[in-house]
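Reader: I have a chain open on my screen and would like to go through it with you. Could you take my questions as they come?

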Amino acid sequence: MRSTFAFLALMTALGCTGGDSSRVCVVVNRASPVSVAIGHAYARAREIPQDQIIGLEIPIPDPLLGDNRHESIGRDDFERLIRRPLESIFEERGWTDRIEI
């Protein structure tokens, strides 16, 4: 289940639409070494530029993934830790029309 979660978290790599890496960004959780490693490996494999990797700080109870509490997030935390920061980053970088969500 943990590896499935890590993979699904990576696949929230916004805009995974196939071949055009200019329309893709990868979201990683800087609080998780596993998330960062998977995200960077995915970006290298898909030739996604490093500046299209977004690191968010999403606290997890155990950075070594030693428990399953990290596998879910409440709506309020999602809004505060993920959606709003991504929205701001997209606006700052002018990605609102470029990256597909």
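Reader: To begin with, what percentage of the 101 residues in the protein chain is buried?
Author: Bearing in mind that this is a predicted model, buried residues account for 35% of the 101 residues in the protein chain.

Reader: And how many helices and strands does the secondary structure come to?
Author: There are 3 helices and 2 strands, and from the N terminus on they follow one another in the order α-β-α-β-α.

Reader: In which sense do β1 and β2 pair, parallel or antiparallel?
Author: Strand β1, residues 26-29, and strand β2, residues 53-56, pair in the parallel sense over 4 bridges. The chain gets from β1 to β2 by way of helix α2, residues 33-45, and this β-α-β crossover is right-handed.

Reader: Which residue in β2 is the bridge partner of Val 26?
Author: The partner of Val 26 there is Ile 53.

Reader: Let me switch to α3. How far apart are its end C-alpha atoms?
Author: They are 25 Å apart, and this agrees with expectation, because the 19 residues of α3 (residues 75-93), taken at 1.5 Å a residue, should span 27 Å.

Reader: Where in α3 does the kink lie?
Author: The kink, of about 30°, lies at Arg 83, shortly before the proline Pro 85. Just after the helix comes Gly 94, which takes a positive phi of about 70°.

Reader: Which residues of α3 are buried, and what covers them?
Author: The buried residues of α3 are Glu 79, Leu 81, Ile 82, Leu 86, Ile 89 and Phe 90, and what covers them includes both β1 and β2. As a general point, an α-helix has 3.6 residues a turn, so residues three or four places apart point the same way.

Reader: Now the loop between β2 and α3, where Pro 59 is found. Why does Pro 59 count as exposed?
Author: Pro 59 has a relative accessibility of 60%, and it counts as exposed because the cut-off for that class is over 50%.

Reader: Which residues is Pro 59 in contact with, leaving aside neighbours within four places in sequence?
Author: With those neighbours set aside, Pro 59 is in contact with Ala 31 and with Leu 81, the latter being one of the buried residues of α3. Pro 59 and Arg 30, for their part, are 29 residues apart in sequence, while their C-alpha atoms are 8.8 Å apart in space.

Conventions
Residues numbered from 1 in each chain as written. Predicted model: local features only at pLDDT ≥ 70, side-chain atom pairs only at ≥ 80, totals over all residues. Heavy atoms only, no water. Pairing = 2+ DSSP bridges. Right-handed = clockwise from strand over helix to strand, strands pointing away. Expected span 1.5 Å × (residues − 1). Bend = angle between axes of the 7 residues up to and from the residue. Buried < 20%, exposed > 50% of the residue type's maximum accessible area, 1.4 Å probe, protein only. Contact = heavy atoms within 4.5 Å.
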